[in-house]
Amino acid sequence: MAETKQIPETRSIAKGKLTLKQITLTGLMTAVICLLAPLSLNIPISPVPISLGYLAVYFVLSVLGMKLGVLSVVAYILLGLAGIPVFTGFTGGPGKLLGPTGGYIVGYIFMALICGYFVDRWEKHLRMEILGMILGSAVCYLFGTVWLAWMASYTFPQALAAGVLPYVPFDLIKLAAGLAVGRQLRSRLRKAGLL
């Protein structure tokens, strides 16, 4: 009887491919974004609702880093684009993504690249991770503000006042919470050999 070799679950079959554990973690973190991001509160001063999307993205990136974090964010956006109600207010479809607030959703990709890079590069340095999260948020804000200004016929300062300034204090709280919990989970996943 020929002896068969078992391939460890964590080993990639080819360079650049994801392991089963990485795919599972990415799927689970995509589910976290899909569960939290739709929870939102509309406010009368802005077309942009307060949502838990930023909290979810901060958390996911602090756990997964750049490569898997970007995949998770892109998967979330594609699910919403396909019509699954994972965007703010339990909405989905191209109309939401191409609407006035769609730029903030697309901006999550740039946020994931920047924040995830800082998490990967300076995993043991909290200050650098915080800096990366702030820079990533700023780029997401910029992308979303330009999009909002164009779609809603606002000037850039009007779009900034409507879509960013009222939310900064809340987003800083979300950043602190997402990073604190995410770092702990990442550490535990590493110790368990799951990340």
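Buried, for this tour, means under 20% relative accessible area, with exposed meaning over 50% and partly exposed lying in between (1.4 Å probe, protein chains only). The model is predicted, so local features need pLDDT of at least 70 and side-chain atom pairs count only at pLDDT 80 or more, while totals for chains, interfaces and linings use all residues. Residues are numbered from 1 along each chain as its sequence is written, and side-chain values use heavy atoms, with hydrogens and water left out.

**Stop 1: helix α6**

Select residues 156–163, which form helix α6; helices (H or I, at least four residues) and strands (E, at least two) are DSSP runs, numbered from the N terminus. Colour Ala 159, Ala 162 and Gly 163, the buried residues of this helix. Looking down the axis of α6, you will find that these buried residues fall within an arc of 80°, so they line one face of the helix; the arc is that of the directions from the helix axis to the C-beta atoms. Now show α4 (102–121) and α5 (126–152), which are among the elements that cover the buried residues of α6.

**Stop 2: Pro 49**

Leaving aside residues up to four places away in sequence, Pro 49 touches Ser 40, Leu 41, Asn 42, Thr 88, Thr 101 and Tyr 167, contact being heavy atoms within 4.5 Å.

**Stop 3: the largest cavity**

On a 1 Å grid over the protein atoms alone, a cavity is a set of points where a 1.4 Å probe fits but cannot get out, a pocket is an open set with protein on both sides within 12 Å along at least five of seven lines, and lining residues have an atom within 4 Å of a point. About 230 Å³ of space lies in this cavity, a volume being the space filled by probe spheres set on the points, which are joined across faces, edges and corners. α2 (53–81), α4 and α7 (168–191) each supply at least two residues of its lining.

**Stop 4: the largest pocket**

Finally, turn to the largest pocket, with a volume of about 220 Å³, and select Gln 22, Leu 64, Leu 68, Arg 190 and Leu 195, the closest to its centre of the 18 residues that line it. Two or more lining residues come from each of α1 (20–36), α2, α4 and α7, and α2 gives the largest share, six residues.
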